[in-house]
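Please read them alongside the model.

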Amino acid sequence: MIDIKEKQVVSILSEAIQQLQTEDDTRLVSITKKIEETDPLCFFDAAKQIGGNRTFWTSSSQQFLLVGAGSAHQISAEKSRFEETEKQWDSVLEKAFVHNPYDVPGTGVVALGGMSFDPKKKPTKLWKKFKPSNFTVPEFLLTKYDNSYYFTINIYVKKNDHAKQLADDLKMMERKLIFNNKREADRLEITKVKEIDPEKWKNSVRKATEVIGKGNMEKIVLAREVRLKFNRKADISTVLSNLLNTQPNSYIFAYEMDEDCFVGATPERLVKLEGTNLLSTCLAGTASRGKTEIEDRKISDDLLHDEKNRQEHDFVVKMIKHAIMDYCTEVNIPDEPVIYPLSNLQHLYTPVTANLKNGYSIFDIIKQLHPTPALGGTPRAESLAFIREQELLDRGWYGAPIGWMDSNQNGEFAVAIRSALIQGDEASLFAGCGVVKDSDPDSEYEETKIKLVPMLSVLGGKH
């Protein structure tokens, strides 16, 4: 049952309103209460019906989940995006009136969002609705944490607002969101698949191997795009349902901007922060799953001993260690990777733990880690310059940090791979691979096809 009375909501709103000095003053009020179990997909579906953009996030265990409805506050930045985003976020928290009696990550004031892969790359109209950095503080937020559910209201109040009327309006919206039955959508089918210049992409792989062969670089990551057409407008809640069922070990996310929605199921954490406890992970080196247990074990063993994949993995491990050393203490990294299995793929995996020093934030770590060698290359500056010049697509938010942060210094960001930008009855899918000196363009092309499978399969495609 809800453990905060509606009279308390009126009282909290009244107190915040009374503290405003002039009629022009506004203040963000955030109220969190515990609620009974609520279906997150029904909540997400209802959020569309009441209007406004939606946000969705689950951790890889699905024991932690966030669903946002509408927008109480937007944070966006184009230049100096890490610094400007953090500055705006700190300003929001400094002025907010927060009532949150729970020491639970993802409650209180929470912002969900992401960033573009490379703001120096000339943008195209494909990503016109997504800024280089954009975060949303939802008007209404559902949080699931350790099988408990929480509901947060975020609203700006003015000096002349009437607390009782606001509380009544908020209660009505709460009922629409929580006591909602999800509508069943018709089956989504892919009617057209267009690969964007696959031969030109293979040629860019050849150019990359030539540059690497000259000794200027060690690795360059190149991505490509596949454009889909559907038999109808895609229902995002159904796509999320399919991802939850088929990708249980991945971070599942959706970030909606009007009729465009960036959605995916990525296995790759960038950084997680709980207070000062930091966790980053290296997930580089990829193989398919076997059709039988014996075949699966053989593929796993081959991956663990494959020189190209181990080299690619080692690049990322060294980069993470180098990136966080000045910002953290007690950095701990295992000597060898292990296999991280997903339903369609398996990866080499190494966890990195540390303790964040005083005076630093999650944005300091993201700035140092992004892009990892698994998404950019080595060395970073040179590989990014090659990607800007030679890659055939505007990555937008693909391959970039996406995640959340709260007012209690908790947050988590993943790398937005295995993803799609859905635009009505069309979508763009993205996949990349790490090119090294001995890479074969046809083999790398086949690797990207494997990486496209998770999103293709939930969007109506067949293996």
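1. The buried residues of H4 are Ala 163, Leu 166, Ala 167, Leu 170, Lys 171, Met 173, Glu 174, Leu 177 and Ile 178; buried means under 20% relative accessible area, exposed over 50% and partly exposed in between, with a 1.4 Å probe and protein chains only. This is a predicted model, in which local features need pLDDT of at least 70 and side-chain atom pairs count only at pLDDT 80 or more, while totals for chains, interfaces and linings use all residues. Residues are numbered from 1 along each chain as its sequence is written, and side-chain values use heavy atoms, with hydrogens and water left out.

2. Helix H4 covers residues 163-178, 16 residues in total, and its first and last C-alpha are 22 Å apart, close to the expected 22 Å. The expected span is 1.5 Å times one less than the number of residues. Helices (H or I, at least four residues) and strands (E, at least two) are DSSP runs, numbered from the N terminus.

3. Zero disulfides are found in a search of the whole structure, a disulfide being a pair of cysteine sulfur atoms within 2.5 Å. Cys 42 is in none, and the nearest cysteine sulfur, in Cys 261, is 17 Å away, too far for a bond. Cys 42 is buried at 10% relative accessible area, and Cys 261 is buried at 2%.

4. The whole structure has three cavities of 30 Å³ or more. A cavity is a set of points on a 1 Å grid over the protein atoms alone where a 1.4 Å probe fits but cannot get out, and lining residues have an atom within 4 Å of a point. Points are joined across faces, edges and corners, and a volume is the space filled by probe spheres set on them.

5. The largest cavity holds about 190 Å³. Of its 22 lining residues, Ala 374, Leu 375, Ile 417, Arg 418 and Lys 451 lie nearest the centre. Strands S11 (219-230), S15 (277-288) and S23 (426-435) each give two or more residues to this lining, and S23 has the largest share, five.

6. The second largest cavity holds about 50 Å³. Its lining includes Phe 56, Trp 57, Phe 253 and Tyr 255. Strands S2 (54-58), S6 (110-115), S12 (251-257) and S20 (401-406) each give two or more residues.

How values were computed: 1 Å grid on protein atoms, 1.4 Å probe; cavity = no way out; pocket = protein on both sides within 12 Å on 5 of 7 lines; lining within 4 Å.
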